[in-house]
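Hello,

Here is the structure I promised to pass on. Please have a look, and below it you will find my notes on what turned up.

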Amino acid sequence: MTQKARLPVIVAGEVHDPLDWLEHDDASTLAWRQDQAEQAIGWLSSIPCDSAWLRDEIRSALAYPTRAVPVGKAGRYFFLCSPAGADRASLWQSCSPAEDGREIAHPAVFDRADGKAEFRAVWPSFDGGKVIVAVTFGGRQSTQLVVLGIDDGAGATVLECLDTPAFAWAVWHDDRSFFWSRRVDGRQLLSRRTLDGDDAPVALPCDTAQAGVVPFVSEDGAWLVVLTYAPGVAGSRLFAAVNRPDPVFAELDGFQRDGIAIGWWSGNGLVLVPKSHGGGREVVEVDFTPLLDGRSPTNRILYRDDAGKLTGACALPGGGILLVERAADGGNGFRLLSADGALADVEAPSGVALGEWTIDHRGSRLLANFRQWDSPARLMAFDADGRRFQVLRGGSSDLPLVSTRMEVEAADGVAIPVTMIGPAGAGEKRPAPCILWGYGAFGLSIAPDCMGAFLPWFQAGGIVAVA
């Protein structure tokens, strides 16, 4: 079984991508994936190798601990955690972001014949008494949404399992019902489901054939936002509504452009980071209060970046916005934008990238994972008054690696930033085996992240070049 690949054709703002079928989960695509997997397994099986030794080496390399940023609701914090030596992440709960906490649900309970279960995302309810977990099987996009009830004494109990043909999203409407989106017959549907099993469709003001639908609900539960996107179409669309059982959406004007990033909720609205018409990025605050009178939300530009460094922004609970920028060392730099428009530098470690982040409203602060090449992620809290990040969990470097930033001239004369990563002195041994890892789609590049999976390669004297 073969598929012919061609380069995308860009016409009038649309990208006609002949490979977008790979993102679908219809029968022919699943069959093609299975055929490719069988061919790869057959080829790998023909290579003379001590498979038990290789398996142990890979498991050892992947066994470094990982811990997601805790999401706090009503005094409970929920996060995915994979302790050292674990083969996959499980759901944990704690009483504060920095404490160890305890495991309350393990994915092995949901294993099926078609693959191991893996937890991918968690959405806790406003009262902290329920959690929705997105579960994938065998590494495929086919998922379940599992609704768990949380009990401080007994842990978690399964309230409902919802099979979905592709990755689904869910957000809580209130403590007894939630909005969820999933693909049905090639169309993405949004509906509101109660814990009693009643499911009511929600009307969206756009065609969702072959499109993605991602719902968001504000921290206070007042507003519902839906982002839609379609493969092959440049740009996303945003719709907002008062969060009620039968929401009536209004489109956010001016955001039908590529590269929208949602910064976070800010008072009665949202902070967005779309691409500007000039090619840079803007920080835009959207006020939703006109929706209460049936009018459209209003926008105002807070900051415009013409240098092309801005990659994201986060509205802080105490006021102000944290700007996330692309740094020369390949990581991120930060600046604080005050309510009066003043900019101030933020103290942060060099060579780190901002990973996932959330707002801890109980502690009135931003929580974020800092990622770097030589260590698992560190949980940090941002001190807005001191304009610096503080370590809550995690320490210094754990892997004996060093990284060097350089520029390499391409055939057309363009200077391409490259980060060389390996054991100390490895780059001085010429020639040295090297893996070149490059990415450049969507205006993004590979950000620093723990290189523990490459540890056997480094131990054998190899290096990795990230471009």
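A residue is called buried here when its relative accessible area is under 20%. By that cut-off, Trp 172 and Phe 178 are both buried. Please keep in mind that this is a predicted model.

First, the chain as a whole. It has 467 residues, and 43% of them are buried. Its secondary structure comprises 35 strands and 3 helices. Of the contacts between residues at least 6 apart in sequence, 39% link residues at least 24 apart.

How many aromatic pairs does the structure hold? The count is 10. One of them joins Phe 110 to Phe 119, with 6.0 Å from centre to centre and 55° between the planes, a tilted arrangement. Both Phe 110 and Phe 119 are buried. Trp 172 and Phe 178 make an edge-to-face pair, because their planes stand at 70° and the limit for that class is over 60 degrees; their ring centres are 5.5 Å apart. There is also an aromatic cluster formed by Phe 334, Phe 370, Phe 382 and Phe 389.

Two arginines sit over ring faces as well. Arg 112 lies over Phe 137, 3.6 Å from the ring centre, while Arg 182 lies over the face of Trp 180 at 4.0 Å from the ring centre.

I hope you enjoy looking through it.

Best wishes

Conventions. Residues are numbered from 1 along each chain as its sequence is written. This is a predicted model: local features need pLDDT of at least 70, side-chain atom pairs count only at pLDDT 80 or more; totals for chains, interfaces and linings use all residues. Side-chain values use heavy atoms; hydrogens and water are left out. Rings of Phe, Tyr and Trp (its six-membered ring) pair if their centres lie within 6.5 Å; planes under 30 degrees apart count as stacked, over 60 as edge-to-face and the rest as tilted. Buried means under 20% relative accessible area, exposed over 50%, partly exposed in between (1.4 Å probe, protein chains only). A charge sits over a ring if NZ of Lys or CZ of Arg is within 6 Å of the ring centre and within 35 degrees of the ring normal. Helices (H or I, at least four residues) and strands (E, at least two) are DSSP runs, numbered from the N terminus. Contact means heavy atoms within 4.5 Å.
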